[in-house]
Amino acid sequence: MSAVEARLAELGLSLPEVVPPLAAYQPAVRSGRYVFTAGQLPMVEGELPLTGKVGAEVTAEEAKGLARTCALNALAAVKSVAGDLDRVARVVKVVGYVASATDFTGQPGVLNGASELLGEVLGDKGVHARSAVGVAVLPLDAPVEVEIQVELTEA
């Protein structure tokens, strides 16, 4: 077991199976020392636990938990092309999309769910730049979608 996966276990978490693509793309691709994930929905065992707009059908706190799930799914996608999460030198960028009610402005707080998980799991390597974007709708009516970009250590 890798050190990162041991840390996940300490947190009571495990790396899920990679979420299969919903269309014509790959969950993650590697270019040189970088891995770029596709947008990861908060799928749990093939299902979305909640759907709808944050600030309407979904609370900000529920959405923050879903963002954690998205980040966990993103780590699984990274492992699928890197082979080992211990090769992550750092998370470079996180981009998160929040399907928002028209008056909802708490997107940064929602995306803290993903950012905090990456910090808990990867420590200083999880510190990253981030964008939090409010959108009208996401695939499958998901409340949140997160993508990450990571740099790997030399092979």
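Biologist: Quick one: is arginine 33 buried, partly exposed or exposed?
Modeller: This is a predicted model, and in it arginine 33 counts as partly exposed because its relative accessibility is 32%.

Biologist: What does the arginine 33 side chain meet in a salt bridge?
Modeller: Glutamate 154, at 3.0 Å from N to O. Glutamate 154 is in the segment after strand 5 (144–152), while arginine 33 is in the loop between strand 1 (28–31) and strand 2 (34–37), and the two are 121 residues apart. At 59% relative accessibility, glutamate 154 counts as exposed.

Biologist: OK, helices now. How do helix 2 and helix 3 cross?
Modeller: The axes of helix 2 (residues 60–82) and helix 3 (residues 107–122) come within 7 Å and cross at roughly 45°, so helix 2 is oblique to helix 3. The crossing is right-handed.

Biologist: Which residue forms a salt bridge with lysine 64?
Modeller: Glutamate 116, with the closest N and O atoms 3.3 Å apart. Lysine 64 sits in helix 2 and glutamate 116 in helix 3, so this pair ties together parts 52 residues apart in sequence.

Biologist: And what about arginine 68, which residue is its salt bridge partner?
Modeller: Glutamate 120, and there the closest N and O atoms are 3.2 Å apart. Arginine 68 is in helix 2 and glutamate 120 in helix 3, so that pair also ties together parts 52 residues apart in sequence.

Biologist: How many salt bridges does the structure hold?
Modeller: Seven.

Biologist: Switching topic: which residues make the nonpolar surface patch of about 300 Å²?
Modeller: Val29, Tyr34, Phe36 and Val92. Valine 92 belongs to strand 3 (residues 88–99) and counts as partly exposed because its relative accessibility is 31%.

Notes:
Residues are numbered from 1 along each chain as its sequence is written. This is a predicted model: local features need pLDDT of at least 70, side-chain atom pairs count only at pLDDT 80 or more; totals for chains, interfaces and linings use all residues. Side-chain values use heavy atoms; hydrogens and water are left out. Patches are made of residues with over 30% relative accessible area and no salt bridge: like charges are joined within 9 Å, nonpolar side chains (Val, Leu, Ile, Met, Phe, Trp, Tyr) within 5 Å. Accessible areas come from the Shrake-Rupley method with a 1.4 Å probe; for residues, only the protein chains shown count as cover. A salt bridge is a side-chain nitrogen of Lys or Arg within 4 Å of a carboxyl oxygen of Asp or Glu. Helices (H or I, at least four residues) and strands (E, at least two) are DSSP runs, numbered from the N terminus. Buried means under 20% relative accessible area, exposed over 50%, partly exposed in between (1.4 Å probe, protein chains only). Axes are lines fitted to C-alpha atoms, for helices over the stretch in contact, and angles run from 0 to 180 degrees between N-to-C directions. Angles under 35 degrees count as roughly parallel, over 145 as roughly antiparallel, 65 to 115 as roughly perpendicular and the rest as oblique. A crossing is left-handed if the near helix is turned anticlockwise from the far one by less than a right angle, and right-handed if clockwise.
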